[in-house]
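Here is a short tour of one structure, for a reader who likes to follow along in the viewer. Have a look at the fold, and then read on.

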Amino acid sequence: SKDENECMGDLTKREREIALLAQRGITTKEISKRLFISTETVKMTLKKVYRKLDVHSKAELNTVKF
């Protein structure tokens, strides 16, 4: 199985950026404002991040080290 660092390497720079903001408890709406992207883009990106890191919730995302 992959270790966490290998998984992190699978994320794009933007995916990592959005995941880090989500980890800090920043809302989808706020992330979209900060990054000048739609809330739908944030949601889609977080889905990709969850799949790549094999997590299923923000609580689980918070256990992953970046």
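Phenylalanine 36 is exposed, because its relative accessible area of 76% lies over the 50% cut-off. In this predicted model, phenylalanine 36 sits in the loop that runs between H3 and H4. Its backbone also deserves a glance: phi is positive, about 55°, although phenylalanine 36 is not a glycine. Most residues other than glycine have a negative phi.

Where else does a residue other than glycine have a positive phi near 55°? Aspartate 54 is such a residue, and its place is the loop between H4 and H5. Aspartate 54 counts as exposed, with a relative accessibility of 55%.

Now to the helices. Two packed helices are described by the angle between their axes and the distance between the axes.

| Helix pair | Angle between axes | Distance between axes |
|---|---|---|
| H2 (residues 13-23) and H4 (residues 39-53) | about 95° | 9 Å |
| H2 and H3 (residues 28-35) | about 135° | 10 Å |

How is H2 placed relative to H4, roughly parallel or roughly perpendicular? With an angle of about 95°, H2 is roughly perpendicular to H4. On the H2 side, Glu15, Ile18, Ala19 and Ala22 take part, and they meet Val42, Thr45, Leu46, Lys48, Val49 and Lys52 of H4. By type, the residues of this contact between H2 and H4 are six nonpolar, one polar and three charged.

The angle of about 135° means that H2 and H3 are oblique to each other, and their crossing is right-handed. Here H2 contributes Arg14, Glu17, Ile18, Leu21 and Ala22, while H3 contributes Ile31, Arg34 and Leu35. In the contact of H2 with H3, five residues are nonpolar, none is polar and three are charged.

Which residues have the most contacts inside the largest nonpolar core? That core has 17 residues, and the ones with the most contacts inside it are Ile18, Ile31, Leu53 and Leu61. H2, H3 and H4 are the elements that give two or more residues to this core, and H4 gives the most, with five.

Leucine 61 is buried, because its relative accessible area of 0% is under the 20% cut-off. Tyrosine 50 is eleven residues away along the chain, and its C-alpha atom is separated from that of leucine 61 by 7.4 Å.

Key:
Residues are numbered from 1 along each chain as its sequence is written. This is a predicted model: local features need pLDDT of at least 70, side-chain atom pairs count only at pLDDT 80 or more; totals for chains, interfaces and linings use all residues. Side-chain values use heavy atoms; hydrogens and water are left out. Buried means under 20% relative accessible area, exposed over 50%, partly exposed in between (1.4 Å probe, protein chains only). Axes are lines fitted to C-alpha atoms, for helices over the stretch in contact, and angles run from 0 to 180 degrees between N-to-C directions. Helices (H or I, at least four residues) and strands (E, at least two) are DSSP runs, numbered from the N terminus. Angles under 35 degrees count as roughly parallel, over 145 as roughly antiparallel, 65 to 115 as roughly perpendicular and the rest as oblique. Contact means heavy atoms within 4.5 Å. Ala, Val, Leu, Ile, Met, Phe, Trp, Tyr, Cys and Pro count as nonpolar, Asp, Glu, Lys and Arg as charged, and the others, Gly among them, as polar. A crossing is left-handed if the near helix is turned anticlockwise from the far one by less than a right angle, and right-handed if clockwise. A nonpolar core is a set of buried Ala, Val, Leu, Ile, Met, Phe, Trp, Tyr and Cys residues joined through side-chain atoms within 4.5 Å.
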